[in-house]
Amino acid sequence: MKVKREILVIAFKLFILSLFCSFPIFIHLDILPIRIWDESRLSINAYEMLKNNNWLIPYFEGKPDMWNTKPPLMIWMQVLCSKIFGYSELAMRLPSAIAAFLLVLFLSYFAKRYLKNFWFGLITCIVLVTSYGFINVHGTRTGDYDSLLCLFLVVYSQTYFLYLEQKNKRDLLFFFVALILSVMTKSIQGLLFLPALFIYTIIDKKFFIFKDLNVYKGIALFVFTIGTYYLLREMYNPGYLNAVWENELGGRYMNTVEEHTGEFLFYYNMLLKHHFKEWIWLVPIGFIIGISFRNILFRKLTYFSALICLSYWLIISISKTKLEWYEIPLFPFLAILIAMGLFGVFYYLLIEPKLKTIFLFPVMSFLFLFSLSFVPYTKMVDKVYLPKEYPWDDEFYQLSYYLKHGLNKLEETRAYNICYDGYHAHILFYLNQLNDLGQNIGFKDWVFLEKGDLIIASQSNVKQYIEQYYIYELISENKTIKKYKIIDLKC
């Protein structure tokens, strides 16, 4: 009877956790069209892998992709989701959302196992899923690398921490498996927590790890697995290793890539002003309360989380190339630090004798959590339930919305060509789907149009050129979208 009751309690707690976290993570994932750059690139890689069944080398427009040189773990997951749910925005984004949900479950598991407290894990997850920069495009809401990377970074850092504390060989195995998976997700960025782990090991005087044969077996497994992939890729895709160096290692860290520059405090300002502004003021308070706990387990976790935040923040801040989504792995550990402070107050309200009346126990504790999380959570619900474009993106994605709509009204796009200036992977995502439905739609250079061509254009410079140099019939106009039939070239 006692065991049955414990199972029911665990199930109820998991239900509460899942109910609270699932909505921001999963709801309306497919509303926004595929985003330009990484998500669209991965989406085309996944589409071509579906077609050519080459699971080693991602392709882009029929050629090995030498621009996106990351290992293909994320692409493999998108392909599997496409096989189950069909090739769509949802299939591209589910791996990121599932990774975020698994991260929530893992943080809860870690808190229960290490601190023996479910509520600390719940508070951590509340902070995490109400963090604007975490539940965001290029995070948990789109088909990019960073949510999956964040999962593996947290798993390998916290299983390593558990191994140092409890010397369980299973934790060491999970550490190396998650480390391998983090590199297979986003290459060198999967290693960026290792300096903090090494420093913590020295500070905490856990020198036994250097004498553990299993550690060296794990290192050998890591080198063999990652080395095998990179060597095989170079063997079947010559020039790949050089492209990796240019795109990911010296080229990206030591130089500014694609004008993605910023000052040293770029990430601090992003957290302070945009992506973590509801919570960031609690970080120092949480740290102070965390190191003040009588329970040494809380103190150690506080120091460990703060060290990871500081180390990783310094690494990405020193880098010449700066992108706002590089900060995503910070959020779980910032959430842990904040949870230290919130849990301290929560626990005090829970055990304070003067509050233990029939009416207030344990109401005050939960009212405290509710009052703090209500505003951030409602803002998050508003953000994800009806996702909206930022004003500066609204015009840019008009063509994507039009083609997305065209999947349901095929007669509007049949036999047309797209005139588009610039990188077009986010448009190609929809063209691939339309052509699979028999639409015969593609790209065409607006400088070399011919009599009878049916054209769709959305960019001002392209429309201006067509209207200046061709005799045309304007078939329809919808916001920025114009459909033309080319009559002839102007003399």
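A residue is called buried if its relative accessible area is under 20%, exposed if over 50%, and partly exposed in between, with a 1.4 Å probe and protein chains only. The model shown in these views is predicted, so that local features need a pLDDT of at least 70 and side-chain atom pairs count only at pLDDT 80 or more, while totals for chains, interfaces and linings use all residues. Residues are numbered from 1 along each chain as its sequence is written, and side-chain values use heavy atoms, with hydrogens and water left out.

**View 1. Lys 186 in helix α7.**
Lys 186 belongs to helix α7, residues 169–186; helices (H or I, at least four residues) and strands (E, at least two) are DSSP runs, numbered from the N terminus. Is Lys 186 buried or exposed? Lys 186 counts as buried because its relative accessible area is 5%. Contact means heavy atoms within 4.5 Å. Not counting residues up to four places away in sequence, Lys 186 touches Lys 70, Tyr 145, Asp 146, Leu 149, Trp 325 and Tyr 326.

**View 2. The packing of helices α6 and α8.**
Two packed helices are described by the angle between their axes and the distance between the axes. Axes are lines fitted to C-alpha atoms, for helices over the stretch in contact, and angles run from 0 to 180 degrees between N-to-C directions. The axes of α6 (residues 146–166) and α8 (residues 194–203) come within 11 Å and cross at roughly 15 degrees. The two helices are therefore roughly parallel; angles under 35 degrees count as roughly parallel, over 145 as roughly antiparallel, 65 to 115 as roughly perpendicular and the rest as oblique. The crossing of α6 and α8 is right-handed; a crossing is left-handed if the near helix is turned anticlockwise from the far one by less than a right angle, and right-handed if clockwise. On the α6 side, Tyr 156, Ser 157, Tyr 160, Phe 161, Leu 164 and Glu 165 take part, and they meet Leu 194, Leu 197, Tyr 200 and Thr 201 of α8.

Ser 400 lies in helix α18, residues 398–406, and counts as buried because its relative accessibility is 0%. Leaving out residues up to four places away in sequence, Ser 400 touches Pro 33, His 426, Ile 427 and Tyr 430. The C-alpha atoms of Ser 400 and His 138 are separated by 17 Å, and these residues are 262 residues apart along the chain. Helix α18 packs against α19 (residues 425–436) at an angle of about 15 degrees, with the axes 10 Å apart. This angle makes α18 roughly parallel to α19, and their crossing is left-handed. Leu 399, Ser 400, Leu 403, Lys 404 and Gly 406 of α18 meet His 426, Ile 427, Tyr 430, Leu 431 and Leu 434 of α19.

**View 3. The five-stranded sheet.**
Strands of a sheet pair through backbone hydrogen bonds, either parallel or antiparallel. Two strands pair if DSSP finds at least two bridges between them. In which order do the five strands stand? The open sheet runs β4-β3-β5-β7-β6, with mixed pairing. Its edge strands are β4 (442–443) and β6, each of which pairs on one side only. Strand β3 (residues 417–419) pairs with β4 in the parallel sense over two bridges, and Ile 418 stands opposite Phe 443 in β4. Helix α20 (residues 460–469) lies across β3, β5, β6 and β7 and runs at about 140 degrees to β6.

**View 4. Strand β7 and its two partners.**
Strand β5 (residues 454–457) and β7 (residues 481–489) are antiparallel and share four bridges; here Leu 454 has Lys 485 of β7 as its bridge partner. Strand β6 (residues 470–478) is joined to β7 by eight bridges, again in the antiparallel sense. Ile 471 has Asp 488 of β7 as its bridge partner, and Glu 477 stands opposite Lys 482 of β7. The hairpin of β6 and β7 has two residues between the strands, and Lys 479 takes a positive phi near 55 degrees there.

**View 5. Ile 456 in strand β5.**
Ile 456 lies in β5 and counts as buried because its relative accessibility is 0%. Leaving aside neighbours within four places in sequence, Ile 456 is in contact with several residues, among them Leu 399, Tyr 402, Cys 419 and Ile 481.

Cys 125 is buried, with a relative accessible area of 0%, and Cys 419 counts as buried at 1% relative accessibility.
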